[in-house]
Amino acid sequence: MTFEAMARPTGIGSLPFRDPEEACRFILDRLPELPFWPQLPKRGPSENMYVQFGPGLPGLAEEGPDLILDRGAGGGGVGGNVAGGGGEAAPDYDQALAALYQRCLEDDYDWPLRCDHAAGFYALTEGHAAAVGRALAVKGQITGPVSYGLTVQGRDKRLLIYDETAFDGVVKGLALQAKWQERALRRLNPATILFLDEPSMAAFGSAYYNLSRDQVIAAIKEVTAGLEGLTGVHCCGNTDWSVLIDAGLDILSFDAYYYAKNLSLYPEAVSGFIARGGLLAWGIVPTDTNDAVKETASTLVDRLEQALTWFEDKGLDRERLVRQSLITPSCGLGGRPVETAERAFRLVLGVSEEIRRRYGLSP
C-alpha cells in the first residue's frame, strides 16, 4: 500500500459519545480523508478496550466490567460468546483452544466483532460505506497482545502474559480478529490502517514486569503478520521505543505532547524507521481537559516544531519527518467530556493545516 501521510489528521480510536451515529458523523465531518471507526466505552463495559475483543478468546470470561482468565470458562468458543457475554454455555477450555489452533492452520479468520461490543464499527461500515470508500484510507484498531497480557488476570491474580498457553491462545485469536477486521474494512476501501493499542508498553522495563524484548516483538509480529494494509502501534506513555520500532510496523503513534523528547533519544532506531518508509503519528494535541483548554493550534505547532528540532539535531531530515507524519490527539478520548473531544479535534485540524502550509504540502 502506497500512502503519503503529509501531516494529515486522524484519530486514535475512542470517543465520548453514546450514540454511534453521532460519533461517525463527528469523525467524517472532521476527518474525511482518514476516518476511523469509533470505540465508545461510555455505552457500557462491553466497549471496554479489552472486553470489546474478548468474545471467543479461549479462557477469557466477562465478569462485571472486566475480562478475566478462567480456564474453566472455556471462552465461549472461537468466534462465539465469552462466558457471561451472551448466555451460551462455554465449551471446555482445551476444546476451545484446539478449535482455535485448527482455525489458524486453516487460516479461518471469520471472527466478526459483535454488534453489542463494537457499535461504532457497524455504524461506520454499514451506515457510511460510501464515505469510507471515498477516503484516502480507513483506520481501525485492536487492543494489542502485550496490553492484554499485562491487564487481564486469572482468579489467582496471575497476569495472563505469564500463562504461556493461555497467552499464546489470546495472541493467535487477536491475529485472526485483526485479519477479519482488515478484510471487512478493505471491502469498502482497499487502503487500510490497523493500529494495535499498547498502553501497557509503558510498563516495559519496569522491575514489576518480567518481559523480554523478544517476547514483546514476537507477540506484536504474530498479531500483524497476516495483514495486507498499513499497521501501526499506539503507546500513550513512555517506553523503550526501539522495541516497538523493531516490531516492524509501518506507523509509530505516540504521545508527542509529553514524550517527543524521549523518542528523540532513539535517533538510530527512528532514523532507520523513517528510512524504510515508516510514519510517525504525532499525538501533539493533549487529551487531558486541563491541558487542552490552555493550548491553541499556534502553541501546539510551536511545540511540534521544537520536537522536530530535537530530531533534526540528532541528524534526521526535518522535512522528511514532516512528510512522513500524521497529526493526532495524544490518546483516545473515550473517557473525556464531549467538549474536550470537540476541542481536541479542532486543535488537531488546526495543527495539521498550519504544518502543511508551512512545509508546502498539498492541501
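Which order do the strands have in the open sheet of three strands? The order is β2-β3-β5, and the pairing is mixed. The legends below describe this sheet and other parts of a predicted model.

**Figure 1. Confidence along the predicted chain.** The protein chain has a mean pLDDT of 93, and 94% of its residues reach 70 or more. Residues 76-90 form a stretch in which pLDDT stays under 50. For this stretch the model has 41 contacts beyond four places in sequence. Where pLDDT is low, the predicted coordinates should not be read in detail.

**Figure 2. The open sheet of three strands.** The strands β2, β3 and β5 make up this sheet, with mixed pairing. The edges are taken by β2 (60-63) and β5 (153-154); each has a single partner strand, so one side of each is left without a neighbour in the sheet. Four bridges in the antiparallel sense pair β2 with strand β3 (residues 66-69). Within this pairing, L60 stands opposite L69 in β3.

**Figure 3. The open sheet of seven strands.** Seven strands follow one another in the order β1-β10-β9-β8-β7-β6-β4, and their pairing is parallel. At the edges stand β1 (8-9) and β4; because each has a single partner strand, one side of each is left without a neighbour in the sheet. Strands of a sheet pair through backbone hydrogen bonds, either parallel or antiparallel.

Figure 4. Strand β4 covers residues 138-143, and six of its six residues are buried, so the strand is largely enclosed by the rest of the structure. In a regular strand the side chains alternate between the two faces of the sheet. From β4, V138, G140 and I142 point one way, whereas K139, Q141 and T143 point the other way. The residues on both sides of β4 are all buried. Six bridges connect β4 with strand β6 (residues 192-197), and the two run parallel.

**Figure 5. Strand β9 between β8 and β10.** In the order of the seven-stranded sheet, β9 lies between β10 and β8. Seven of the seven residues of β9 (residues 279-285) are buried, so this strand is largely enclosed by the rest of the structure. Strand β8 (residues 251-254) runs parallel to β9 and is joined to it by four bridges. On this side, L279 in β9 is the bridge partner of I251. Strand β10 (residues 325-329) also pairs with β9 in the parallel sense, over four bridges. Here the bridge partner of L280 is S325 in β10.

**Figure 6. Q181 in helix α6.** Q181 is found in helix α6. Is Q181 buried or exposed? With a relative accessible area of 1%, Q181 falls under the 20% limit and is therefore buried. Leaving aside residues up to four places away in sequence, Q181 touches W37, F53, L113, F121, G140, Q141, I142 and L194. Among these contacts, G140, Q141 and I142 are residues of β4. Q181 and D107 are 74 residues apart along the chain, and their C-alpha atoms are separated by 14 Å.

**Figure 7. T224 in helix α7.** Helix α7 contains T224. The relative accessible area of T224 is 11%, and the residue is buried. Not counting residues up to four places away in sequence, T224 touches L196, T231 and L249.

**Figure 8. The largest pocket.** This pocket holds about 240 Å³ of space. Its lining consists of 15 residues, and those nearest its centre are S14, Q39, M49, D197 and G332. Sorted by class, the lining has six nonpolar, seven polar and two charged residues.

**Figure 9. The second largest pocket.** The volume of this pocket is about 210 Å³. Which residues line the second largest pocket? The lining is formed by I161, Y162, E164, F167, D168, V171, Q215, A218, A219 and E222. Two or more of these residues come from each of the elements α6 (164-186) and α7 (213-224). By class, six of the lining residues are nonpolar, one is polar and three are charged.

Conventions: Residues are numbered from 1 along each chain as its sequence is written. This is a predicted model: local features need pLDDT of at least 70, side-chain atom pairs count only at pLDDT 80 or more; totals for chains, interfaces and linings use all residues. Side-chain values use heavy atoms; hydrogens and water are left out. On a 1 Å grid over the protein atoms alone, a cavity is a set of points where a 1.4 Å probe fits but cannot get out, and a pocket is an open set with protein on both sides within 12 Å along at least five of seven lines; lining residues have an atom within 4 Å of a point. Grid points are joined across faces, edges and corners, and a volume is the space filled by probe spheres set on the points. Ala, Val, Leu, Ile, Met, Phe, Trp, Tyr, Cys and Pro count as nonpolar, Asp, Glu, Lys and Arg as charged, and the others, Gly among them, as polar. Buried means under 20% relative accessible area, exposed over 50%, partly exposed in between (1.4 Å probe, protein chains only). Two strands pair if DSSP finds at least two bridges between them. pLDDT is the predictor's confidence in each residue, from 0 to 100. Contact means heavy atoms within 4.5 Å.
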